[in-house]
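Colleague: Can you walk me through this one? I'd like to start with helix packing.

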Amino acid sequence: MNFEIKDLSFAYRRHPVFIEANLTLMTSGVYGLVGPNGSGKSTLFNLITGLLHPTQGAITLDGTVLTPNLVFANVAYAQDSSVLYPYLTGRDHIRFVALQHHVAAARIAAVSEQLEITQFVDQRVSSLSQGQKQRLMIVLALLPEARLLLMDEPLNGLDPDSVMIIRNLLEDFKSTAQMVIVSSHNLDELDKVTDQIIFKVDQGLQFETVADGAEARYAELYHHARPVKAGDGHA
Ligand SMILES: Nc1ncnc2c1ncn2[C@@H]1O[C@H](COP(=O)(O)OP(=O)(O)OP(=O)(O)O)[C@@H](O)[C@H]1O
């Protein structure tokens, strides 16, 4: 499996987020995506999934440029849970994704159990806590068994039990055939599941295997800026 970003440029009006950024990932497993607030992590995920369009450059999977059809078939994106429909239940959302991607009932049951959502799956999204919504969002992203899985801040706003559930999930990914890119400010947690980190530095992407953990490298790269910790109220 080969995921590649070549000479990617993107700007919001006159605010450049990427200028000729490059990245090559060759093996399956978990990768962290790390950078300060507002550096462009969500923007990168939106560019990969085609929600935003680069002004220059290409994003390829196994050498083929990611078109909407290829994204549908190969990429899953656990976005911010604000994209869920408040008046629908978790089960409604699951049904929708399962129909679109032909997901077997056994897979739905297994993933729902793994993320421990069965107790609240028939409640409307509007009545769920942040952590419950987050876990539902992750279930939806896992169902299609996409080759490339993007997770935007999956640990954000979670209580310790939910963090544990997601941590176990990420640890399982160490041995899957999927490529998983996880953006997080929670560098302690990231360090527990991977030493392969993509840092957003200036308008580029810098991939490193961090021997001493992401936290130590973060301080060096971002001029000793303090990373935002989980629980700091970052939305
Ligand atoms: N729709 C938009 N219009 C204009 N500027 C935007 C828009 N969305 C994001 N930006 C800006 O682009 C930059 C990158 O934002 P992005 O949300 O990708 O960063 P992030 O690294 O995911 O941030 P955080 O860690 O806070 O979630 C920020 O400066 C942000 O203000």
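Colleague: Is the crossing of H3 and H5 left-handed or right-handed?

Modeller: H3 passes H5 in a right-handed crossing. The term means that the near helix is turned clockwise from the far one by less than a right angle; anticlockwise is left-handed. Helices here are DSSP runs of H or I, at least four residues, and strands are runs of E, at least two, numbered from the N terminus.

Colleague: What is the angle between the axes of H3 and H5?

Modeller: Roughly 15°, and the axes come within 10 Å. That makes H3 roughly parallel to H5; angles under 35 degrees count as such. Axes are lines fitted to C-alpha atoms over the stretch in contact, and angles run from 0 to 180 degrees between N-to-C directions.

Colleague: Which residues make that contact?

Modeller: H3 brings Gly90, His93, Ile94 and Val97, and H5 brings Leu136, Val139 and Leu140. Contact means C-beta atoms, placed from the backbone, within 7 Å. By class, that is five nonpolar, two polar and no charged residues. Ala, Val, Leu, Ile, Met, Phe, Trp, Tyr, Cys and Pro count as nonpolar, Asp, Glu, Lys and Arg as charged, and the others, Gly among them, as polar.

Colleague: How far apart are the axes of H5 and H6?

Modeller: They are 10 Å apart, at an angle of about 15°. H5 and H6 are therefore roughly parallel to each other. Their crossing is left-handed. Gly131, Gln134, Arg135 and Ile138 of H5 meet Ser162, Ile165 and Ile166 of H6. That contact has three nonpolar, three polar and one charged residues.

Colleague: New topic. How confident is the model?

Modeller: It is a predicted model; local features need pLDDT of at least 70, side-chain atom pairs count only at pLDDT 80 or more, and totals for chains, interfaces and linings use all residues. Residues are numbered from 1 along each chain as its sequence is written. The protein averages a pLDDT (the predictor's confidence in each residue, from 0 to 100) of 92. ipTM is 0.96 and pTM 0.92.

Colleague: And the ligand: which element gives the largest share of its shell?

Modeller: H1, with three residues. The shell includes Tyr12, His15 and Lys41, counted if the C-beta atom, placed from the backbone, lies within 6 Å of the molecule.

Note on methods
Parallel < 35°, antiparallel > 145°, perpendicular 65-115°, else oblique. Contact = placed C-beta atoms within 7 Å.
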